[in-house]
Structures are given as C-alpha cells and as structure tokens.
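My entries follow in the order I made them.

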Amino acid sequence: MLVTLGLLTSFFSFLYVVAPSIRKFFAGGVCRTNVQLPGKVVVITGANTGIGKETARELASRGARVYIACRDVLKGESAASEIRVDTKNSQVLVRKLDLSDTKSIRAFAEAFLAGEVLMEEKQLHILINNAGVMMCPYSKTADGFETHLGVNHLGHFLLTYLLLERLKVSAPARVVNVSSVVHHIGKIRFHDLQSEKRYSRGFAYCHSKLANILFTRELAKRLQGTGVTTYAVHPGVVRSELVRHSSLLCLLWRLFSPFVKTAREGAQTSLHCALAEGLEPLSGKYFSDCKRTWVSPRARNNKTAERLWNVSCELLGIRWE
C-alpha cells in the first residue's frame, strides 16, 4: 500500500514538474487575425462565464458592441462590468436569455430586433451560440424537451431562426456554434429523441453536440448566396463550470487542471471562426484548434441533417424554409 502511494505521489509530482511543457502542447491553436470590429454587433450566449466570457472580452477589445445573452443577469452584469473596465469599451450589454424556455428566447429576440437599448440598432454581424449544459440528471425544459437537446440544440436553433433576417441584412455575417469532439460518440435517435425510453447523461450531451454540427451543416446549405456563413467548433478540453453536474468530472478537472485549456485558450477557435478572413468557402465545416477538422460519419450524413432540421422545426412550431 505504501509503495503504491509512493508511486502515485512520484507520478503526480513528475506531472506537475513537466506541466508547463504539457500545458504549452495542449493550449492548442491561437486566433491570429488582427481584424478590428468598430461598428460591428455581436451576440454571445452564455457569455457570463468561461469560454463565452473570454470570447466576449476579446471581441469587445476589438471595438464591437457585444451583447451578453445569459440566464443569470447578475452574473452577466458582473462579467460585463469587468470586460468594460478591461477593454475600455462601454458597449458591453447584458440581456436575459434562458435557452431552456422558448418564451424567454422569443422575448430576447423581440427586444433585440426592436432596438431595446439603442434605437439605431439595425444590424447583427456575429452570433455565437456558445451556452450549453453538460451531464445533467434527467430533466425537461419549460417546453417539455429533454434538457440537453432543448438547451444545446433546440434553444440555439430557435434563436438563430429568430435573428437570421437581421444577420442577412448585415451581411457579411457569421454564426458560430460551439460543439465538441464528443460528437463522435453521439447519435441522433429519432425514435427516442427526448431520451424517454433510455437516458444516459453522458450520451445525452454527446447526442446534442452531434446535433450542433448537423445543424451547422444544414444551415450552411440553406444560407448559400445570402452572405451569412456558419461554423461549428470544438473548443478543446477546457476548465469551466460546464462540469458542475458531475462530481467525478469536477474531481478530474481539479486533478488535471494544469493540463487542460484555460477559458481564454478555449475561446480561440470560436474567435477564429468569427473573425478570420477567407473562411467563407468553409461554411458548414467543423473546426478545432483554429483549423478545419474531420467530423464523424454521422456528422456528415446529409439525410440525417435534413431530417433533424425538419423535426426541430416541428418541435418548435416554426417554418424555416
């Protein structure tokens, strides 16, 4: 027993000694573009913390008017205040958006489109669908959708639908959907889309991340010729609040925190897809570490993407041609 503990202690001591080198390796790609954003308008969901907050900070530092759309307005205001001070940009605004409630999504979109804050607000250049939930116990949204599907996919699907005309009139414009490498494990089970017959909190998250990529793929096809492009991204393994529903993951994150990305590092691929010049021909593609990356065969299935699109419209009660 003592020998085992000694070996474990030596192993972790070694890991922490070499941590700086490992950290540099796992930090991943960096958004290199110097594009500035004066006069540009950005909406980021879940930007009160983590990757979204760092994405908002960087875009604000480039002069954009940034809307932090989040469920917890108090946390949002705290994040916005910090970003305003850091970037000297007063145009960091907070609005309530609960992706688990379609009434909240519609209220947010209605207020934004009506120019709730600034009556001259007539444009939207970048929409980053960043918010999400992970490994929740089985539960349903206000509209009766399984929570991972409802928040991670259907909530952002509806939000994009409601804001799309504003994106089109602001073209060139971009939609960035934050997915994950775990989409490789996901599967769209149309016979049990709400996981009522069988539920695994881990697989439910993976399924929803696959849905993000299929949505991006189908959206790109339908946006051809509009000047609006869309991209799915894997931010990497990042220290964030996303794991709060899993005590095991929280423990692993604490143990291996020196070897995973910071929120700032995790934001780089979202920033790359929002800002980098010349990405238009790659609309609908999936990125990781600031470069195009292969997706699973299921994520390349056009028939599944189209069917998921149609089912999503039916569930949300919308017509999206």
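I took each helix axis as a line fitted to C-alpha atoms over the stretch in contact, with angles running from 0 to 180 degrees between N-to-C directions. Helices (H or I, at least four residues) and strands (E, at least two) are DSSP runs, numbered from the N terminus.

This is a predicted model, so I note the limits: local features need pLDDT of at least 70, side-chain atom pairs count only at pLDDT 80 or more, and totals for chains, interfaces and linings use all residues. Residues are numbered from 1 along each chain as its sequence is written, and side-chain values use heavy atoms, with hydrogens and water left out.

Entry: helix α3 against helix α10.
I looked up α3 (residues 50-61) and α10 (residues 268-275): their axes come within 9 Å and cross at roughly 40°. That makes α3 oblique to α10. My cut-offs: under 35 degrees is roughly parallel, over 145 roughly antiparallel, 65 to 115 roughly perpendicular, and the rest oblique. The crossing of α3 and α10 is right-handed. A crossing is right-handed if the near helix is turned clockwise from the far one by less than a right angle, and left-handed if anticlockwise. On the α3 side I list T55, E58 and L59, which meet S270, L271 and L275 of α10. Contact here means heavy atoms within 4.5 Å.

Entry: helix α5 against helix α6.
The axes of α5 and α6 lie 10 Å apart, at an angle of about 20°. The two helices are therefore roughly parallel. Their crossing is right-handed. From α5, the residues that meet α6 include I105, F108, A109 and F112. Among their α6 counterparts are L158, L159 and L162.

Entry: aromatic pairs.
How many aromatic pairs does the whole structure hold? My search finds 11. Rings of Phe, Tyr and Trp (its six-membered ring) pair if their centres lie within 6.5 Å; planes under 30 degrees apart are stacked, over 60 edge-to-face, the rest tilted. F108 and F112 have ring centres 6.3 Å apart and planes at 15°, so I log the pair as stacked. Both sit in α5 (residues 102-113), 4 residues apart, about one turn of the helix. F108 and F112 are both buried. Buried means under 20% relative accessible area, exposed over 50%, partly exposed in between (1.4 Å probe, protein chains only).

Y138 and Y199 pair edge-to-face, at 4.8 Å centre to centre and 75° between the planes. This pair links distant parts of the chain, 61 residues apart. Y138 is in the loop between β4 (126-129) and α6 (147-169), and Y199 in the loop between β5 (173-178) and α7 (201-222). Y138 is partly exposed because its relative accessibility is 34%. Y199, at 25%, also counts as partly exposed.

I also noted one aromatic cluster, formed by F157, Y161, F215, W309 and W320.

Entry: H153.
Is H153 buried or exposed? At 1% relative accessibility, H153 is buried. H153 belongs to helix α6. Leaving aside neighbours within four places in sequence, its contacts are H148, A211, N212, F215, L308 and S312. H153 and A211 are 58 residues apart in sequence, yet 6.2 Å apart C-alpha to C-alpha.

Entry: whole chain.
I count 11 helices and 8 strands. Of the 321 residues, 54% are buried.
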